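Q: I'd like a close look at one part of this chain, with the cut-offs spelled out as we go. Could you walk me through it once the model is up?

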Amino acid sequence: LNFRAGTYDGTAYSSTPSLIRGKTEFVCNIIDRRGLWISGYQRQNRKDFELTALNNSYKNVVDQRNKVLKYFGNKNQFADQFSEACDAAMTEGFVLMEPYIDPSVLFACNPKLKVWHACDFVTDSYFRQADMSDCSYIATSQLMPSEEAECTFPWVDKEMFYGASSQTGNPFYFQPFSKSCPSSLNVCHIIRLWNRVVVTKHYLVNMASGEMIPIKKRISDKEVFVASLQMGAQLRQRTVKEVGWALTVMVNGNTIIDSMPNPLGFSECPMVPLFWRHNPTALNVALRFPSLPAQLQDAQYLSDRRICMTHDLLEGRAQSGWMCPKGSVEDEDILWSGQNVSIISFNSEMGPPIPIAPTVIPPTTLEMIEQLRRFADEASPIGENLMGVNPQEGQSGIKTMLEQGAGLVGLRPIFDCWDRALRLLGNLL
């Protein structure tokens, strides 16, 4: 038998058996059910975002906007996509969520949510803020059918979406399609690059409430006076410089959009990060964005290794049968009449056949396997008691519930991180 801790393919550990040196490798997955427990707990206690009116004069407007958000949230499955993003952050450590307007729907606003997995983007990994406000750049990679790309970018020459190889100069090595995508498929490789830049913006400031109304360009004093009469408030025009984001789009290596300001109009980061845990002071990138499988892979590896070694010990020798000197039995078929089916002959002095004793696994080996299993509880925030299994003998139900409540306190930083990402997503929507 061969052992492994599981193959991490960017999304999860795989337990598909394969052959190594003529033997089948096996995985006793101890990570999956812990991940399913966290995923189920998040889905059971889902939260939603809504707008809050600053005063009663905006209450009707806020109610209408909340209804619009609720409608598009149910239509485009925002809650399910957010839960899937949480699952991806748990197994990959770090994913991105991008709200965007569906370009295929003309003359209508249809907000949607895109989840970028760890293999789909490259970013400045040295940012410290949880909202990525100090990040320098974000680059995403996507394969899109050529016909769909024509509808998304109608002003671009159609020949640009065909002919060139979609994998030419692809820097995203870990994407599944990097090596498996057939060259005959009519797809184009689209890279979107977001850079943090300084932009100039114009506002009309309500001197009474302090509200800042963005405008596209600077207007004359007469237009400001007219706007003041229409709104019934004193307005002043202000021009400020802010840190914003510019978009560059490349199709098959050709630039079709160059440093265009964010088309959605806001100056915040266009992506919402979602972490399992964020350690911005760690020097190693793998430690800066850890994941649940990364925390448990050593315990998984050692446990599988010891189990497979125990099976090798059992299957490496006969567990039943007879040992008899050559020539001591005239008709060896007699020994095959019972359940013992192994016969080992050897050159030795004449003597009676000896039954083969089964191999005895030392108790220390079995205890070591259980100890390695317990390592998973110590290295993971999800223990056996938290999942309600394997309680101690004679333990009361109240004590079990108290232990589960104490275990949930340890998960509070993870769910707080996801709640913060949900609030950031709500601010962009």
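Predicted model: local features only at pLDDT ≥ 70, side-chain atom pairs only at ≥ 80, totals over all residues.

Let's zoom in on one helix: how many of the residues of H3 are buried?

A: Residues are numbered from 1 along each chain as its sequence is written, and side-chain values use heavy atoms, with hydrogens and water left out.Now H3: 11 of its 15 residues are buried, which leaves the helix mostly covered. Buried here is under 20% relative accessible area, exposed is over 50%, and partly exposed lies in between (1.4 Å probe, protein chains only). The buried set is Phe78, Gln81, Phe82, Ser83, Ala85, Cys86, Ala88, Ala89, Met90, Thr91 and Glu92. For comparison, buried residues make up 38% of the 429 residues in the chain.

On geometry, H3 runs over residues 78–92 and reaches 20 Å from its first C-alpha to its last, close to the expected 21 Å. That expectation is 1.5 Å times one less than the number of residues. Helices (H or I, at least four residues) and strands (E, at least two) are DSSP runs, numbered from the N terminus. By that count the chain has 11 helices and 17 strands.

Gln77 has a positive phi of about 60 degrees, although it is not a glycine. Most residues other than glycine have a negative phi. Gln77 counts as partly exposed because its relative accessibility is 46%. Just after H3, Gly93 takes a positive phi of about 100 degrees.

Setting aside neighbours within four places in sequence, Phe82 is in contact (heavy atoms within 4.5 Å) with Gln42, Met97, Leu274, Trp418, Ala421, Leu422 and Leu425. Phe82 also belongs to the largest nonpolar core, which has 60 residues. A nonpolar core is a set of buried Ala, Val, Leu, Ile, Met, Phe, Trp, Tyr and Cys residues joined through side-chain atoms within 4.5 Å. Along with Phe82, the residues with the most contacts inside this core are Met97, Ile138, Leu274 and Trp418. Helix H11 (residues 412–428) gives the most to this core, with eight residues.

Zooming out to the whole chain, among contacts between residues at least 6 apart in sequence, 65% join residues at least 24 apart.

Met132, in the loop between strand S8 (121–123) and S9, has a positive phi of about 60 degrees without being a glycine. Met132 is buried, because its relative accessible area is 0%. In strand S9 (residues 137–145) you'll find Ser141, which counts as buried because its relative accessibility is 2%. The Ser141 side chain makes a polar contact with the side chain of His189 at 2.6 Å. A polar contact is a pair of N or O atoms within 3.5 Å; within protein, one must be able to donate a hydrogen and the other to accept it, and residues adjacent in sequence count only if both atoms are side-chain atoms.

Last, the cysteines: with a disulfide taken as a pair of cysteine sulfur atoms within 2.5 Å, the count comes to zero. Cys269 is in no disulfide, and its nearest cysteine sulfur, that of Cys135, is 6.4 Å away. Cys269 counts as buried because its relative accessibility is 8%.
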